[in-house]
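Hi there,

Here is the structure I promised to pass on, with my notes on it below. Have a look at it first, and then read on.

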Amino acid sequence: MVQTNVTWWKGFVFLGFSSFGEMQLLLFVLFLSLYLITLTCNVFIIIVIRLDSHLHTPMYLFLSFLSFSETCYTLGIIPRMLAGLVMGGQAISYVGCAAQMFFSASWACSNCFLLSVMGFDRYVAICVPLHYVSLMNPTLCAQLVGASFLSGYLFGLGMTLVIFHLSFCSSYEIQHFFCDTPPVLSIACGDTRLSEIGILVLSLLVLLVSFFFITISYACILAAILRIPSAEGRKKAFSTCASHLTVVIIHYGCASFMYLRPKVTYCLERDQLISVTYTVVTPLLNPIVYSLRNRAVQTSLRNAFTGSLLSKG
């Protein structure tokens, strides 16, 4: 392993999936395919919700912003990862690494807050349906989305500052495919305990606070569903939440495993596989599990496709 002083040349090198040898080409094809599907589906969701007036409701507004957030998150990570699979280890400047960490952390935190907002939306729709329209008005929806993104940027900035005030003098090689906090922290020299505590505190604030509000929302939703007299009514009410719960479980499960643990438990090769889940697989869940399984979105997509064919004919 080449040793150098990063403070001298201000850069790092991603080793990515170099340990996978000849499998890198197969991984490139797999990840590229998944990424193109993710990008296409999320863009379609955004366009369809924007153009179809029937989908101009809070639920679909939040879905479109979640798709937008996931698209921005993957754009900052996956193209560089794909290039690394083809060309091998890639260099990134010190400033570029900090910028990538800031934006990826910001979008990831924003996703957590957006999922929390979507849980609140489901609570209002099921528990106080008669007041849904007046409560979830355009002004409140805009404020909730704005607060989600602003909070995400502030936490992303905090995580980046906690990491990049450290010195990196032992190695410039990052055993990862992007500048995530655990792998960058693992190559810092000196006493990193305060930084570990800082990352843990920030991660706890993001994950536990947003998950707490989701839990409260679903506790109220469950109580309301159990009061519905008919089994068909309970099933219908729960079906409106099933996709959201699926995304929440996978998103929070992966994020908690990565960030709510001490540095001594890091296993970089295993952590790469977990990172692939929430950078490649999880963003695909939003359009497929959450949106494309929704009947209203399916109908809108079908109408848009049919209209496109008729206009060409």
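A word on helices before anything else: a helix here is a DSSP run of H or I with at least four residues, and helices are numbered from the N terminus. Please keep in mind that this is a predicted model.

On that basis, the chain has twelve helices and three strands. Of its 313 residues, 47% count as buried. Among the contacts in the chain with a separation of 6 or more, 80% are accounted for by residues 24 or more positions apart.

Is Ser148 buried or exposed? Its relative accessibility is 3%, and the cut-off for buried is under 20%, so Ser148 counts as buried. What is Ser148 in contact with, once its neighbours within four places in sequence are left aside? The partners are Ser110, Phe113, Leu114 and Val117. Asn111 is worth a glance too: 37 residues separate Asn111 from Ser148 in sequence, while their C-alpha atoms are 7.9 Å apart in space.

Helix α7 also has a contact with helix α3, which runs over residues 58-75. The two axes come within 11 Å and cross at roughly 20°. Angles under 35 degrees count as roughly parallel, so α3 is roughly parallel to α7. The crossing of α3 past α7 is right-handed. On the α3 side the contact is made by Pro58, Leu61, Phe62, Phe65, Phe68 and Ser69, and on the α7 side by Cys141, Leu144, Val145 and Phe149. Sorted by class, these residues are nine nonpolar, one polar and no charged.

Helix α2 brings Gln24, Leu27, Phe28, Phe31, Leu32 and Tyr35 to the contact, and α4 brings Ile78, Pro79, Met81, Leu82, Gly84, Leu85 and Val86. By class, that contact has eleven nonpolar residues, two polar and no charged.

Now to the charged pairs. How many salt bridges does a search of the whole structure find? The search finds two. One of them joins Asp121 to Arg122, with the closest N and O atoms 2.9 Å apart. Here Asp121 has a relative accessible area of 2%, so Asp121 is buried. Arg122 counts as buried as well, because its relative accessibility is 7%. The other salt bridge joins Asp191 to Arg193, where the closest N and O atoms are 2.7 Å apart. Both Asp191 and Arg193 are exposed.

Methods
Residues are numbered from 1 along each chain as its sequence is written. This is a predicted model: local features need pLDDT of at least 70, side-chain atom pairs count only at pLDDT 80 or more; totals for chains, interfaces and linings use all residues. Side-chain values use heavy atoms; hydrogens and water are left out. Buried means under 20% relative accessible area, exposed over 50%, partly exposed in between (1.4 Å probe, protein chains only). Contact means heavy atoms within 4.5 Å. A salt bridge is a side-chain nitrogen of Lys or Arg within 4 Å of a carboxyl oxygen of Asp or Glu. Axes are lines fitted to C-alpha atoms, for helices over the stretch in contact, and angles run from 0 to 180 degrees between N-to-C directions. Helices (H or I, at least four residues) and strands (E, at least two) are DSSP runs, numbered from the N terminus. Angles under 35 degrees count as roughly parallel, over 145 as roughly antiparallel, 65 to 115 as roughly perpendicular and the rest as oblique. A crossing is left-handed if the near helix is turned anticlockwise from the far one by less than a right angle, and right-handed if clockwise. Ala, Val, Leu, Ile, Met, Phe, Trp, Tyr, Cys and Pro count as nonpolar, Asp, Glu, Lys and Arg as charged, and the others, Gly among them, as polar.
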